[in-house]
Structure formats: structure tokens, C-alpha cells
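Work through the exercises below with the sequence and the model side by side. Each task is followed by a solution in steps.

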Amino acid sequence: MKINHPTKTQKLTKGVCSLSLRGTSCPSWLIGFAILLTTIALAGCAKTTETQAAPATPSVKTDSPTPPPTETPASEAPHSSSPAPTINPARAMQYVKEIVAFGPRPVGSPNHKKLEDYILAHLKGDEVESDSFTADTPEGKFPVRNIIAKYPGTKDGIIVIAGHYDTNYPLRNSAYVGANDGGSSTAILLEFANHVRGKKRDGVTVWLVWTDGEEAIKQWSETDSVYGARHLADKWQKDGTLKKIKALFVMDMIGDADLNIDRESNSTPWLLDIVQQAATRTGYQSHFFARTVAIEDDHLPFAKLGVPVADIIDLDYGYGNVFHHTPQDTLDKLSPKSLEIVGNTLLEVLHTFDQPPGLPVVATRP
Ligand SMILES: [Zn+2]
């Protein structure tokens with residue numbers, strides 16, 4: 001993913017690019033030099049703009065599970081008194097270990113193919129579709145394959161939970177294994193599958209999507225990034241699927257042991273509010289939304305077509321994001337607790353969408 005450039009002083013630019021700009025304390029020549037260095041360093045890597053340091057105020061009021069696709073927070077409450085399920089953090093972490101053991105998994109590589117087979121093996125018996133195509137990239141043509149697992153529910157509407165499984169292409173010949181960036185998202189989706197498969201869900205339909213080609217091949221741009229998500233958004237617009245999607249969540253870099261999920265400002269505000277309220281009910285609110293940043297990720301192609309989206313991402317991976325897109329993105333930086341925090345919060349969000357309107361959502365966990 002990519003973090004947008006800062007537009008004001010008092011903003012912090014992060015990325016592979018770990019340079020910080022603290023506008024008020026630097027002489028102007030140093031700021032200019034720093035901006036130049038940042039611009040150079042940002043080529044081909046993630047970029048972000050911090051727009052606000054203060055956390056959004058947690059709300060005690062619950063939002064509707066089916067708000068309109070506008071930026072207006074929904075008003076009325078969903079209800080539930082039944083306990084929400086919890087994910088198995090040890091099993092989710094085990095998935096990450098097995099995924100990382102394949103080595104680098106860039107598009108078009110033998111390891112990538114092994115991971116495709118690994119994902120499909122875990123979805124055996126489920127309704128699975130592939131969205132396969134050939135992507136034109138600055139380095140030539142690559143096969144790209146989004147994997148979609150569908151879990152029907154009794155209620156109208158589809159909730160999509162997506163996360164990329166490819167790893168950084170420019171680092172393909174290094175020791176880079178993408179434990180967090182690629183590994184954690186692939187694993188959490190496999191763990192979600194364990195919770196939504198089985199008999200028809202008493203709730204909304206859930207589609208899990210392992211997106212491919214999220215990473216830039218050469219340098220992040222509108223045309224060199226999120227290949228799989230762009231293709232899928234376009235396909236779903238043409239076949240009418242997009243209209244049925246109530247919300248789309250992207251999971252990315254959610255395994256960091258020091259978990260700070262950003263409030264991502266290209267996401268749909270009312271959907272982020274639902275996430276925040278779910279995190280508050282689960283008691284995990286201190287891991288959410290202390291920082292607001294604009295990040296380009298797999299959610300954008302869907303957002304551009306009017307789908308309510310939320311990018312669930314922690315792009316502060318190591319001090320100043322130093323582990324991102326480096327060979328230091330390894331298992332030891334991750335924690336099963338972080339997978340649990342994100343996983344349970346998303347299950348709680350799903351629970352919110354599953355409930356009929358009427359009663360207030362109550363705390364479902366101690
Ligand atoms: Zn990445």
C-alpha cells in the first residue's frame with residue numbers, strides 16, 4: 001500500500017521511508033532537504049499522510065448495521081444479546097508460520113503458486129471462485145489470481161473481507177518473507193473461514209477474498225498497484241455484484257506485536273465508526289485509531305465505485321515503520337494477540353451486520 005504525501009507541516013511521513021518531518025522544530029532548509037529525501041525514498045514504497053494525531057472519540061452510541069453509503073453516521077442501533085465467537089489466535093499464527101515458510105511470494109513465482117494451492121487446500125469443500133487474468137505491468141505480463149470463498153447467509157447483502165497474499169515484488173530476490181505484509185492478511189482470512197463455513201449463516205452473506213497483485217511491480221502508482229483489486233472491482237461493477245455489497249473490509253499488516261490500527265482516511269467514516277464501536281465493546285479500543293492517515297490500498301478501487309470500505313491496517317510497523325518492505329518483516333515481530341484483537345473485532349463487526357435492528361448491541365465479551 002501507499003501512504004500519501006504530507007500536505008501540511010505538523011505531519012509525519014512514514015514508510016520504508018522512515019524519515020520524520022516535525023515541521024515546527026526544523027529550520028526551513030532542513031525541511032526542504034527532508035522533503036527531497038522523503039520524495040526520493042518514497043519511490044516504490046508505501047507513503048502516508050498523518051492528518052490528525054488525536055484519536056477519534058469513542059462513541060457509546062451504536063450505529064446501524066446497514067447505514068446508507070454516505071458519509072453520515074447512521075443513527076439507530078443494531079441489537080444482540082448472543083455472544084459473538086472468537087478466533088483462535090494460535091491457529092491463526094500457525095497459518096502465518098506456514099505461509100512464511102514458503103519464502104518470498106511475489107506474483108508469478110513458484111512460491112506464489114504454492115501459496116495459492118495452500119489457500120485452496122484450506123478451502124476444500126467451500127464455494128470457491130477464482131478471478132484470474134493477466135496483468136500488464138512495467139516488468140511485463142504476470143498471471144494474477146484473486147481467490148474468493150463464499151459463505152451464504154439468510155439475510156440480504158454481502159460483507160466482503162479481503163486481504164492480499166502476494167509479497168513485495170522488488171524484494172523478490174532478497175530474504176524478504178513478508179510475515180506481516182502479506183502473511184498476516186492471508187492467515188487472518190483463513191481463520192475467518194473457519195468461523196463462517198458450515199451451515200448457512202444466520203446473517204449476511206460473507207465473501208472472503210485473497211487479493212493478488214496488491215504490491216507494485218516497480219513503483220507505486222495508480223497503474224502499478226492493486227492489480228487484483230482493480231480487476232475485481234471492475235468485474236463486480238459490470239456483473240452487478242457491487243450493488244449487493246454492504247461493506248468491504250481490507251485486512252493489511254495486522255500482525256504487528258505493537259498493534260496500532262490506523263484510522264485510514266480514504267475509508268468510509270461511518271464504517272470506521274462501526275469498527276471503533278466494535279473495538280470498544282471487545283475492550284480493544286486502545287489499539288484502534290490513535291492516528292489518522294490516508295493510505296492507498298486494495299480498498300480504493302471499490303471505494304471509487306461507491307462501495308462502503310474500511311482499510312484495517314497498522315502502518316507503523318516498528319519505530320517509524322522501519323520493518324515495512326524490508327527483510328526485517330519477519331515472524332518474530334508478530335504476535336498472536338494482535339491477530340486476536342483484529343480478528344475478534346472484525347467478528348464483532350460482522351455480528352453487528354448480522355443482527356436485526358431493534359435492540360442495542362451489548363458487550364459480548366468480558
Ligand atoms: Zn507491501
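Angles under 35 degrees count as roughly parallel, over 145 as roughly antiparallel, 65 to 115 as roughly perpendicular and the rest as oblique. The model is a predicted one, in which local features need pLDDT of at least 70 and side-chain atom pairs count only at pLDDT 80 or more, while totals for chains, interfaces and linings use all residues. Residues are numbered from 1 along each chain as its sequence is written, and side-chain values use heavy atoms, with hydrogens and water left out.

**Exercise 1.** Determine how α2 and α4 are oriented to each other, and which residues meet.

Solution. Begin with the axes, which are lines fitted to C-alpha atoms, for helices over the stretch in contact, with angles running from 0 to 180 degrees between N-to-C directions. Helices are DSSP runs (H or I, at least four residues) and strands likewise (E, at least two), numbered from the N terminus. The axes of α2 (residues 89-100) and α4 (residues 179-196) come within 8 Å and cross at roughly 135 degrees, and therefore the two helices are oblique to each other. Next, take contact to mean heavy atoms within 4.5 Å: Arg91, Ala92, Tyr95, Val96, Ile99 and Val100 in α2 meet residues of α4 that include Ala179, Gly183 and Leu190.

**Exercise 2.** Determine how α2 is oriented to α8, and which residues meet.

Solution. The axes of α2 and α8 come within 8 Å, crossing at roughly 115 degrees, and the helices are therefore roughly perpendicular to each other. On the α2 side the contact involves Pro89, Ala92, Met93 and Val96, which meet Pro336, Leu339 and Glu340 in α8.

**Exercise 3.** Determine how α2 is oriented to α3.

Solution. Here the axes of α2 and α3 (residues 110-122) come within 10 Å and cross at roughly 150 degrees, which makes α2 roughly antiparallel to α3. Tyr95, Glu98 and Ile99 of α2 make the contact with Leu115, Tyr118 and His122 of α3.
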